[in-house]
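Open the model in your viewer and keep the selection panel at hand. The tour below goes stop by stop.

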Amino acid sequence: MTTAHERVAREDLLTFVSACFAGTGQREFYSDSRGQGISIGFLHEYVLGNYRSLYARVLACGINDYNQAEIIFRLLGSGRRVAPEHRAEEGALLYRAIERLQPQRAMRLLARLAEGRVNNRRTRAIVRRYLDNARDRELWAIKYRRRFRVAAAHAHLPFDGELGSLFVKGWREKAYTTPLFESFRRAHFAESAIYELPYSIAEGLARKHAVPRDVFLRKIEPRMTNLERLRLQDTTRDALGTAVGFDPRRLSPTRLATYVLSLPGAERAARRGELTAALEASAARAVRRTNARFGRVACVLDRSWSSSGSSEKRRRLLAVALATSFFVRAAAAEQRAFWTCPTPDELLVDAVGQTDLVTPLLEAMAWKPDLVIVVSDGFDNDPPGTAGEVLAIARGSGLCPFTLHVNPVFDDVSLGPKPLGPGVPTMGIRDAEDLPTAIAFGAFANGGATLAELDAALGARVAHFLGATEAAA
Amino acid sequence: MSREAFRHASPAVLDFQGLRIAPPQTLGAVRLVPLVRERFLAASGGEAAGPDAPRDLRIAARDYGDSVAVVELGRNAPSEPGLKYVSFVPHGLIVSYTGDGSPVAALGASFGPTSETRKGRFVHLMHRMVKQEPGEGATSRFRMLPLHLAMEGFLALHFNGPDIVWSEYSQQAIRKGLDPRSERAVRGAWLPGLEEALRTFEILPAQVGVLMFIADALACAFVLPHPDDYRRLHGSLLDDFFGELLRDYAILYPHAPAAHAPIDGAGVKTLDDLVRQVARVRADWRAYAEVLSAGLLDRAVKVEQVRTMGPFRLERFVPVFDPDVECHIGERMVRDDGTLEYLKTYRLSGAQVRRAYLLEQLAAAQWNLAQAAEALRCTVPQLGQRLVNAGFGFLLKPAVLEALLRAARR
């Protein structure tokens, strides 16, 4: 028999985890960024105040980087409130989470800690350890030099070696022995040296030397990272005539789907074979990484006009839907996609039309799958609000197998991804490859599992999350 | 002297022939009900309309910017003396049609610099509400000012003033009639929440029109011939004008009344049962929209033919005015088989209905005050008071008016 307190705690926690997968504080189709920030900020404060140990453990769930940074910031800023028995685990989680963040996000977080005057012994120790252990310390010192300097000064980290002169004197040292620092210094005077620097740093210096855009892009190309290459497809095509190559195998299915959907329909049709192969390869890699295995799965995918997202998250929902289709196909014995507006060719989907989830759901049920995955923003409007009811009735009368609604869109009014209805569990999702995690949590939301079970599952994730560190160390 | 509208009107009943009502999409106070054209429905596999669907009537917008227009209603040049319609006119509609059913020439091909004159920085000078423009081949074109056509008809109702020179009427009423006559309306962009509702509205592939409700009061109906036209003109609803009543509703009721068509889960055993239940829910929504738009649909209206064009007629209409029910004026294009091709309506605010009702009753009584008062079931002094309240006090001689008002106060 679960107490009311336990039930509330379980629901709060699931709401929070769900929100942490979807919410990024960016504008969505239906809500603006201000409302998003207020809504997600409230959730963080609420869970931090009431369930501090669970709050820290959420770091191990694979939530998105934005919310990881939020959690780390809030935990470090309120270190006095941690119970002694949780102190060690929280510290380990914090360090591990910072370490796994993308360097640019971690650096932004460190600068935010300095700006927010979060300066306790634990924060200083974690920042020092992080900056000391950085693999590409010199690269970071150049690439993120302002934030690096702020964070290091804030954590009382001594500037050893040439870092001192770099950060104190700037690049006005006579000469450096560290090659990257020396390139950075010379790049202020000689154009030839900028091509030894990372792209993002070289770009500003190229402007200083008034290097023509096409010359600069051609010469800096070897220094671009894979994501920079992806981002600069259009730029390089305009400037150089041909786009720089990138390695699609190193991209996640969702990111690749976002790229595919950004292409005009004619180009997608012309490069159909290549793009499909890239998406399939990427999905197969993601399946191997996550060990996902499904049986006969029906994907009900939303391609309504609202899946075009906002100017900050362009076609995010559509990209997640497309990537989910490829991911599930790679992981399942049998898969069929049911789009809200039927499309002859999945690769050519566009955000168009109303959200009629009911028709594809009924078609999916008729196909008799073992699992139904619905990818939608939860705003079904043809007829309004009927999809959730249909699912509840179908589940109740055994017409439909376990159904999970995954929603990559944070709705500030619902304090999380907007649910379809009470009959079907809704989980936030960041990328298509988070689907196994979403299914695991969705099962908790659906089956009325106890808080203890949920806690145990979280404990297992924490052990795995921290264990990976020790194995690596 | 002047031109009076609806002198040669015929009775008709409004309907949505060829259209189907789809489930609504609601945001805040605004409930938008899509109207789908049946002949595009079967063919719509997604984006494009069916290849065999007729394309012999297309409508596009012409942007006039944020400017006031002075429209000459007679045959004079707009800069010469004559009867003028002055309003804020942000856009016009370009109607292209062919008489033989062939597709109209590619839209946009001849939408170059307009020949319409523009004087000064702010004022457009225009010829007539509906004006022929050069076509191409079998395609004919004309420009019209949407909704202003209907509003001009409304303003010009009984515009000539008294037909019989009763001694109570002032010299102005007898010489110039109701000239100048004015009404007020608010721009769509001023309705709180409308912009957001239009932005987040998901246009259906075969959608050609919309019924807009504000706090479940029908604000306007807008129908176009082709889904592509609708997609281009969807945002133009923000530039249309609406009665002040609707602005008040949008402010007072920021959320439309909750409406839900629930599914009855009892007795659902098979998927077919479920499909039947969903169909019933769709029918419920259709019925709901029909109930809400009863003030427009199936209402007796007086229709004035503005222009015939091949198989189409352009008409404007006014309802039989009744202060107790909602009244919509508007304009429409109808194919000769009765299919509604174009419709745009304006919901009159209460004061506007009362003014029109008063004029109608006066005109029906041959402008005889005693007869009109009898028809309105009031006394002549009370009728004088009503005329003043409606802004028509200038029709009566000052001395007569004063005596009537004094009698009414007693």
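**Stop 1**

Select helix α20 (residues 358–366) of chain A and helix α7 (residues 271–292) of chain B: they pack at an angle of about 175°, with their axes 11 Å apart. Axes are lines fitted to C-alpha atoms, for helices over the stretch in contact, and angles run from 0 to 180 degrees between N-to-C directions. Helices (H or I, at least four residues) and strands (E, at least two) are DSSP runs, numbered from the N terminus. α20(A) and α7(B) are therefore roughly antiparallel to each other (the term covers angles over 145 degrees).

This is a predicted model, in which local features need pLDDT of at least 70 and side-chain atom pairs count only at pLDDT 80 or more, while totals for chains, interfaces and linings use all residues. Residues are numbered from 1 along each chain as its sequence is written, chains are lettered from A and ligands numbered from 1 in the order in which they are written, and side-chain values use heavy atoms, with hydrogens and water left out.

Now show side chains. From α20(A), the contact (heavy atoms within 4.5 Å) takes V358(A), T359(A), L362(A), M365(A) and A366(A). From α7(B) come L271(B), L274(B), V275(B), V278(B) and R282(B). Eight of the contact residues are nonpolar, one is polar and one is charged. Ala, Val, Leu, Ile, Met, Phe, Trp, Tyr, Cys and Pro count as nonpolar, Asp, Glu, Lys and Arg as charged, and the others, Gly among them, as polar.

**Stop 2: the cores**

Select L131(A), F216(A) and F294(A). Of the 138 residues in the largest nonpolar core, these three touch the most other members. Such a core is a set of buried Ala, Val, Leu, Ile, Met, Phe, Trp, Tyr and Cys residues joined through side-chain atoms within 4.5 Å. Buried means under 20% relative accessible area, exposed over 50%, partly exposed in between (1.4 Å probe, protein chains only). Helix α19 (residues 316–331) of chain A gives the most to this core, eleven residues.

A second, separate core has 90 residues, including V130(B), F159(B), A197(B) and L238(B).

**Stop 3**

In chain B, colour the four strands β5-β8-β12-β11, given in sheet order; the pairing is antiparallel. Two strands pair if DSSP finds at least two bridges between them. β5 (57–63) and β11 (130–136) of chain B are the edges. Seven bridges link β5(B) to strand β8 (residues 91–98) of chain B. L57(B) faces Y97(B) in β8(B).

Move to chain A. Here five strands run in the order β2-β1-β3-β4-β7, with parallel pairing. Its edge strands are β2 (332–339) and β7 (426–428) of chain A. Strand β4 (residues 402–407) of chain A joins β7(A) through three bridges, and N407(A) stands opposite G428(A).

**Stop 4**

Most residues other than glycine have a negative phi, and most peptide bonds are trans. Look for the exceptions. D382(A) and P383(A) are joined by a cis peptide bond, omega about -10°. Another cis bond joins D179(B) and P180(B), with omega about -5°.

Where does H158(B) lie? Find it in the loop between α2 (148–155) and α3 of chain B. Phi of H158(B) is near 50°, and H158(B) is buried, at 15% relative accessible area. Finish at D298(B), in the loop between α7 and β17 (300–309) of chain B. Its phi is near 60°, and D298(B) is exposed, at 62%.

Terms used:
Parallel < 35°, antiparallel > 145°, perpendicular 65-115°, else oblique.
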